Amino acid sequence: MNDVRLDVLVLAGQMTAEHDNPDRSFRLHHQLLTTVLESTGRFRVRVTEEVHGLSAEMLDRYDVVIIVHEGREHYHRIPDGLGATTDASLLELVHDKGRGIVWFHSSFVQEPEWGW
């Protein structure tokens, strides 16, 4: 059995109304993800709800980032994004360092203006 555990960062935050309610909030999502991942013994999970201003140095210790953040209250509004610093850091993490990123459920529905 492999003793190596992967370090996971969950970027959690604002979700649209249909995804942020008492029955299925972003906090419930990241709590469930944390429980499932850590129960395997293969992952160490950290969660942050502050998605803006994450530098490459801050992300460097993670093997994968899971995004549970839409950045808008209503589906038809333009999301606020993760910010230029976090965007650049995530691109460096994946493109330059070969690490992983997972867009959870509706978090992957983003705007073309983001440049992804």
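How many salt bridges does the structure hold?

Analyst: This is a predicted model, in which local features need pLDDT of at least 70 and side-chain atom pairs count only at pLDDT 80 or more, while totals for chains, interfaces and linings use all residues. Residues are numbered from 1 along each chain as its sequence is written, and side-chain values use heavy atoms, with hydrogens and water left out.

The structure holds 4 salt bridges, a salt bridge being a side-chain nitrogen of Lys or Arg within 4 Å of a carboxyl oxygen of Asp or Glu. Side chains of opposite charge can pair when their charged atoms come close.

One of the salt bridges joins the side chains of Arg44 and Asp7, at 2.7 Å from N to O. This pair links distant parts of the chain, 37 residues apart: Arg44 lies in strand β2 (residues 43–48) and Asp7 in strand β1 (residues 6–12). Helices (H or I, at least four residues) and strands (E, at least two) are DSSP runs, numbered from the N terminus. Arg44 is partly exposed, at 36% relative accessible area; buried means under 20%, exposed over 50%, and partly exposed in between, using a 1.4 Å probe and protein chains only.

Another salt bridge brings together the side chains of Asp60 and Lys97, at 2.8 Å from N to O. Here too distant parts of the chain are linked, 37 residues apart: Asp60 is in the loop between α2 (56–59) and β3 (64–68), and Lys97 is in the loop between α3 (84–96) and β4 (100–103). Asp60 is partly exposed at 34%, and Lys97 is partly exposed at 32%.

Lys97 also meets the side chain of Glu92 in a salt bridge, at 3.5 Å from N to O. Salt bridges with shared partners join Asp60, Glu92, Lys97 and Arg99 into one network.
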